[in-house]
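Please read it alongside the sequence and the model.

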Amino acid sequence: MLNLRQLLDFSYVGSARCAVILGVWLALAPLVFAAIDRGASDRYEHALQLREENDAVAAIIELKSALQADPMHLSSHLLIGEIYLDQGLGAAAEDALRTALKRGADSNAVMPMLGKALLKQGKYAKVITELSADGLTTENAAQVRTVRAQALFGQGLRRKAAAELDKALALTPKALEPNLVRISALLQAGEFGEAERQADLAVKEHPVEPDAWLAVSSVAQLRGNTDAALDGYSRALEIAPRHLIARLSRIALLIDLKRDADARADFDYLEKNFAKDPSASYMRAVWLARTANGKGTTAALQAVLDSVKQLNDRVFAEDPVLNLMTGMSYYGLGNFQQAVTRLQSYLKQQPADFGARKALGDALLRLGDAAQAAVVLEPAIERNPRDSKAVALLAAAYAKTQRFRQANSLLEQAIALGGENTQLESRLAMLQISVGNFQEGLPALDREFADDPDNGEIGVPLVAAYLNNGDDAHAREVAEKLLAAAPTNLVYVNLLGVVHFRAGRLDEAEQQFTGALAQAPQFVPANINLAKLELARGKIEAARARIAPMLKAKPDSAQLMLEMSRVEMAAGNSREGLKLAEDAWRRAPKNRSAFFHLFDVRLATGKHDAALDLVLGAEADNPGDFDVLSRHATLLMRTGKLDPLRPLLKKMADASTEHSERLLATARLQFEHDFVNDADYTVSKIFQIDPTHERAGLLAVQVALKKGDVPEALARSAAQLEHYPEASASHMMRGEAQMAAGDYAGALNSFDTALAIQPGSLAVIRGFHALLAAQNEPGAQKRLIDWLAAHADDLEVKNALAEHYLQRGEVAPASVILEELLLARPDDARLLNNVANTRHALGAAGALDAARTALKLAPDDAQYNDTLGWLLVQTGKPDEGLPFLRSASARLAENPEIRFHLASCLVRMGRHAEAKKELDKALRSGTGFEGREQALKLQQSLLDQTGS
């Protein structure tokens, strides 16, 4: 067992200063009714009540029951994530929040909490790569940027963290959380004066927030003003007596001041209220070690271990401090093997902790693993070369691994050193390796083939390269040259057939394949390709009849297993298709065709976890492989796990530097998922290959518009029009740019030009919007009516006219059109939603029926949930409407009209305090919405009732 002095040397919270900084940091730290189960809704409301009563365990149980009743109950997923976060259960919170996001929760409601959940687990890289403030409201964007700053600080990237924090503070200068992070950063940088000024401002702005007082205390203590520090801790504890960090920090300071009697009072409180909390037991051990109470120290350290022995590895994985305290407790008790396990886990989460590195290095030395001890200690010495104890430990490790020269040098250094160590500052470097250099070899290969056009060893891979690059014309040219030089070569005959097949020329492909078989009926490649062609034409039995005899003759052939799997999948025999795909891949794990087919089959059969395992393994073996990365992206989009999508799409772009079609496909995905700056960068890479790429040019205009860069959109649309003046799409995009610039006359002219080139509904409707924007409402309405006079079957224009009537408040004519449209499109959810509103406004029957049918068709749509919920409220059924309004609010958390509807519902149910909160949220942005005046009156009415 270590002596007491050793325990104090390595203790993470052995000094009040460490405890204080830790404290500040951690403180920051009928049919349609199947869509919303009444049982789930009732349990959710009860869980809310239990949470207000501080019964988190009961609330979680209730919410889990709600999710058993209805796994799609979005509000329950959000609330359980929030409660888990309050309880410090980062991994559980992350799971709940990711599920909520996958099922349609508004990112405004999820992203700030998800970031905090990741922080609690030490997943700093995930915070940076997966969390973006793009598209969030000001308040939520500030919270996300604050979390990102904390993660960057956690990685030791101080400059980037400071820049991110500045962005958060620019958005919400007075918010508590970013200011607390700023104070912590100032303290770590030694800027105590500015930290004190900011802490004073924070406590003036947030006088009843315990964390603000904790910040004041931290600054005061580091400046040597212990009285002010104790006063701040006491103020925090007056506000929140169970604030564990504040109480532990006060204990640490009292121990340093040798005020044992005062510390004992706090320890008595911990004993009464946190008897099983490991951090309380660990602090007691530190205290007892300082008082030379060896027996008491041992008992306290054992209490730490007893309190965590029932916890599983997942809990440790999400709690760095828990790993540290457990590891140090094992270390203090002389159980070095267990200490190594826990301290290694901790250092994976917090690689910059110098004290933990010293303890781990010493434990490894005691276990005889000097080589690993050196690996652990070297980074510590690089950052803290003046720590004599650490230098001596590393010297011992070098000596035991026969590195005597280094050991002697370090021993001399250790003898010469003295004084305190400087604070360790972690600097982690991140390296991104760009791959995807497919195009670099293509020109050289083409030149070699030109010099030797009969050489199949060059020609065949050149054809494959062109096909992979989407260049059918050059692939065909090379294949025809090969075949012309050797007309009876079966490989060349089959190769030209493949080129035709890839280009969709099925008759020409069949001619080549059958020509090869005419020369050699057993030629397997041509038989396989004919089977593929038959599948493409829907001739499943013919394909099966072609593959089955070959597979029977060669039952171990992975290629034939693969082809038969394709046949079975096309026939709907997914179980057999999956089995064959698995067998093919097991026999040929390096075969790309087998890999991609197995992935597609697992995806199609719902084996998402297995598909993920497959693609992650392939990425490890083939980093930067575009085809592998694109499969991963497909899986993320299919399963709704969009957080990791952005960095993955960036990798896809990096893997396609010279491949314009792949870059375009990637840019479109980035644009569709609102990664607008990424899409812009990817499009710019296309222009480096082809400055006049038509589809990239159109997308570039859309990107500029989405970014709000109107001058750039105008410039890009003008260039597009210059390159492609006869294309209707060029004029449409020019019109969109002009609309954004307020040039409505120019936009109308562009839309009319597009209409003349290619008549269609979109140009008519966008011209209508241009006229509306120009305040020419009669002309706008006439445009639609005139078009419909000549195109009576144009349902899109009819719908636009109906919505125009609705916006004017002309419900009756809108209703006539909508009811007519409904006959033609009875399964159009948006149309049904509009019909529900017009029927209700006119007092006609069937409003609720239409709303219910719309929601049945699109149960995750926030507006349809809102419509049904609001109609139920207005028809005197607020208890039935509440779950739908909850669902709508979860999906569009910052929509003020939905919050007003929810508040009105709660008022009718007598839940005025909750209603007031919702009204405050609805009105705080100042954004106009239908019903705003009613909301203001309702807010005032509630204020009058409460007198506040």
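## Helix pair α36 and α37

The crossing of α36 and α37 is left-handed (a crossing is left-handed if the near helix is turned anticlockwise from the far one by less than a right angle, and right-handed if clockwise). The contact is made by H608, A611, L612, V615, L616, A618 and E619 of α36 with V628, L629, R631, H632, L635, R638 and T639 of α37, where contact means heavy atoms within 4.5 Å. Helices (H or I, at least four residues) are DSSP runs, numbered from the N terminus.

The axes of α36 (residues 608-621) and α37 (residues 626-639) come within 9 Å and cross at roughly 155 degrees. That makes α36 roughly antiparallel to α37. Angles under 35 degrees count as roughly parallel, over 145 as roughly antiparallel, 65 to 115 as roughly perpendicular and the rest as oblique. Axes are lines fitted to C-alpha atoms, for helices over the stretch in contact, and angles run from 0 to 180 degrees between N-to-C directions.

## Basis of the values

This is a predicted model, in which local features need pLDDT of at least 70 and side-chain atom pairs count only at pLDDT 80 or more, while totals for chains, interfaces and linings use all residues. Residues are numbered from 1 along each chain as its sequence is written, and side-chain values use heavy atoms, with hydrogens and water left out.

## Helix pair α12 and α13

For α12 (residues 192-205) and α13 (residues 210-222), the axes come within 9 Å and cross at roughly 155 degrees. α12 is therefore roughly antiparallel to α13. The crossing of α12 past α13 is left-handed. On the α12 side, F192, A195, E196, A199, D200, A202 and V203 meet A212, W213, A215, V216, V219 and L222 in α13.

## Aromatic rings and charges

Rings of Phe, Tyr and Trp (its six-membered ring) pair if their centres lie within 6.5 Å; planes under 30 degrees apart count as stacked, over 60 as edge-to-face and the rest as tilted. By this rule the count comes to 2 aromatic pairs. The rings of W870 and F900 have centres 5.9 Å apart and planes at 55 degrees, so this pair is tilted. The pair links distant parts of the chain, 30 residues apart: W870 is in helix α51 (residues 862-874) and F900 in helix α53 (residues 896-908).

The charged end of K706 sits over the ring of F671, 4.4 Å from its centre. R602 lies over the face of W585, at 6.0 Å from the ring centre. A charge sits over a ring if NZ of Lys or CZ of Arg is within 6 Å of the ring centre and within 35 degrees of the ring normal.

## Buried residues

H731 is in helix α43 (residues 728-741) and counts as buried at 11% relative accessibility. Not counting residues up to four places away in sequence, H731 touches L721, P725, S750, T753, A754 and I757. L288, in helix α17 (residues 278-290), is buried with a relative accessible area of 12%.

V835 lies in helix α49 (residues 829-842) and counts as buried at 0% relative accessibility. With residues up to four places away in sequence not counted, V835 touches L818, E819, L822 and A850. In helix α50 (residues 847-857), the buried residues are A847, L848, A850, A851, R852, A854 and L855. The buried residues of α50 pack against α49, α51 and α52 (878-891).

Methods: Helix = DSSP H or I, 4+ residues; strand = E, 2+ residues; numbered from the N terminus. Buried < 20%, exposed > 50% of the residue type's maximum accessible area, 1.4 Å probe, protein only.
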